[in-house]
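My entries follow in the order I made them.

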Amino acid sequence: MIIDSHVHFGKSLNFDMKQETVLTAMKKYKISKAIVSNSQACEVDHQQIILPPDLQVPMIKCTQDAVDFARNNPGKIFAAIWVKPLHEKVTPEFTKLIKENLDVIKAIKFHPYHSKIKFDGPEADMYLKLAADLNLPVITHTGTGDCDNVFLCLNVAKKYPSLKIIMAHLGLGSDNSDALDVMAQADNLYGDTTWVPVSTTVELIKRFGSERTMFGSDMPIDGLDTYHHNPKGEPSVYQDYFNKLPEIISKKDLDNVMYKNARNIFGI
């Protein structure tokens, strides 16, 4: 079994990630379950410019679309709700929608870069409190910038010690060493494998055991065959997880990384 903890759908910026592509890729590459988030919740573009009003999709609609995707694919698709902390606040309507769909909503998703807010800042805090109150794990994009670096995750982890925080990418664009160092300081910090080399995952397992990371991919950001190759035809890093990692670590550790940790943390 493979559970992909980091999957997207939605048309936003230069991406057009269709639900049908997600489902076709899952079937083609034998992915049993996926945690999906709706990329239409992006608030700023790649240059950190706020998207105009006609390109801003209300958070309620983004949430409902993710819920509908999950409802239409029971037992296969689950939702991580991508929030919009720059433009919107937690409202009774939003909270009610989350509470009514906790059987398919399994996480709150932040993208500090595409919201242009600091992960440990006041805009994010009301959503973090909601996640803690509802016992929902948090998935956050991590990179090396002022808004999304892994040290901000450590601040949040210390403030909310009961909150499970998955640092997607383990610091995209870095050698991942800072991410591993902050994981040593907070047991409620986790990683995923999205664009992370197998060598980092092996090092993480050596330092912390295999219970603190999980398979994730960003699929279908590179199209239907994101698991196999990029648009240039170069082999995907995920081929190493499918073909090399089983030869490097034990079956118990492999099962934890590829599906058991996600199953346990998200309750799916």
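The model is predicted.

Entry on positive phi. I looked up lysine 116, in the loop between helix H4 (112-115) and helix H5 (122-134). Its phi is near 55°, a positive value in a residue other than glycine. Lysine 116 has 41% relative accessibility, so I logged it as partly exposed. Asparagine 135 sits in the loop between H5 and strand E6 (138-141), and its phi, near 60°, is positive too. With a relative accessible area of 62%, asparagine 135 went down as exposed.

Entry on the cis bond. I found the peptide bond from methionine 219 to proline 220 to be cis, with omega near 5°. Proline 220 belongs to the loop between strand E9 (213-214) and helix H9 (238-243). I noted for context that most residues other than glycine have a negative phi, and most peptide bonds are trans.

Entry on strand E1. Nine of the 10 residues of E1 (residues 3-12) are buried, so I recorded the strand as largely enclosed by the rest of the structure. E1 pairs with strand E3 (residues 33-38) in the parallel sense over five bridges, where phenylalanine 9 has asparagine 38 as its bridge partner. With strand E2 (residues 15-17), E1 pairs in the antiparallel sense over three bridges; serine 12 stands opposite phenylalanine 15 there. E1 and E2 form a hairpin with two residues between them, and leucine 13 in the turn has a positive phi of about 50°.

How values were computed
Residues numbered from 1 in each chain as written. Predicted model: local features only at pLDDT ≥ 70, side-chain atom pairs only at ≥ 80, totals over all residues. Heavy atoms only, no water. Buried < 20%, exposed > 50% of the residue type's maximum accessible area, 1.4 Å probe, protein only. Helix = DSSP H or I, 4+ residues; strand = E, 2+ residues; numbered from the N terminus. Pairing = 2+ DSSP bridges.
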